[in-house]
Amino acid sequence: MFAYIPARIGSKRIKEKNIYKIDGIPMIKHVIENLKNLNFIENIYVSTDSNKIRKIVEEFNVQVLDLRDKKLSHDRATFMDLIKNDLPRFIDHNNCNEILFALPTAILVPPKVYNDA
């Protein structure tokens, strides 16, 4: 199983919220650390439209493929749009169809919740 984190740079309410720092650490890193504590996750991938986010997550040994298509990076793109039009490239790259879809702002979800689910 691999984890898929969709993290676009744009946000209407909180500028760059996915990399906003909580306790001096980007929110997405908190999520990555929680996912790394799961024995059933083999790889973590971030889908992003931003080189800034790419640079941050690659520092934590998380994979980013090519930047996400701009058509899937606006505020009207839904999770279903990502599942249908973005996720397949990660499935093909990982050769696996067991996915944990994790939000980059879900910093309060501890590893135990993922394990129990």
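**From sheet to salt bridges**

In this predicted model, three strands make up an open sheet whose order is E4-E1-E5, with parallel pairing. Strand E4 (43–47) and strand E5 (99–101) are at the edges and have a single partner strand each, so one side of each remains without a neighbour in the sheet. From one strand to the next, the twist averages 25 degrees.

Strand E1, which covers residues 2–6, runs parallel to E4 and is joined to E4 by five bridges; within this pairing, Pro6 stands opposite Ser47 of E4. Across E1, E4 and E5 lies helix H4, made up of residues 87–94, and its direction is at about 150 degrees to that of E4.

Turning to the space between the atoms, the largest pocket holds about 420 Å³. Its lining consists of 20 residues, of which Arg8, Gly10, Lys17, Ala77 and Phe79 are the closest to the centre of the pocket. Sorted by class, the residues lining the largest pocket are eight nonpolar, six polar and six charged.

The charged side chains also deserve a look. Side chains of opposite charge can pair when their charged atoms come close. Six salt bridges are found in the structure, and one of them links Lys52 with Glu16, where the closest N and O atoms are 3.0 Å apart. Because Lys52 belongs to helix H2 (residues 51–58) while Glu16 sits in the loop between E1 and strand E2 (21–22), the pair ties together parts of the chain that are 36 residues apart in sequence.

Conventions:
Residues are numbered from 1 along each chain as its sequence is written. This is a predicted model: local features need pLDDT of at least 70, side-chain atom pairs count only at pLDDT 80 or more; totals for chains, interfaces and linings use all residues. Side-chain values use heavy atoms; hydrogens and water are left out. Two strands pair if DSSP finds at least two bridges between them. Helices (H or I, at least four residues) and strands (E, at least two) are DSSP runs, numbered from the N terminus. Axes are lines fitted to C-alpha atoms, for helices over the stretch in contact, and angles run from 0 to 180 degrees between N-to-C directions. Contact means heavy atoms within 4.5 Å. On a 1 Å grid over the protein atoms alone, a cavity is a set of points where a 1.4 Å probe fits but cannot get out, and a pocket is an open set with protein on both sides within 12 Å along at least five of seven lines; lining residues have an atom within 4 Å of a point. Grid points are joined across faces, edges and corners, and a volume is the space filled by probe spheres set on the points. Ala, Val, Leu, Ile, Met, Phe, Trp, Tyr, Cys and Pro count as nonpolar, Asp, Glu, Lys and Arg as charged, and the others, Gly among them, as polar. A salt bridge is a side-chain nitrogen of Lys or Arg within 4 Å of a carboxyl oxygen of Asp or Glu.
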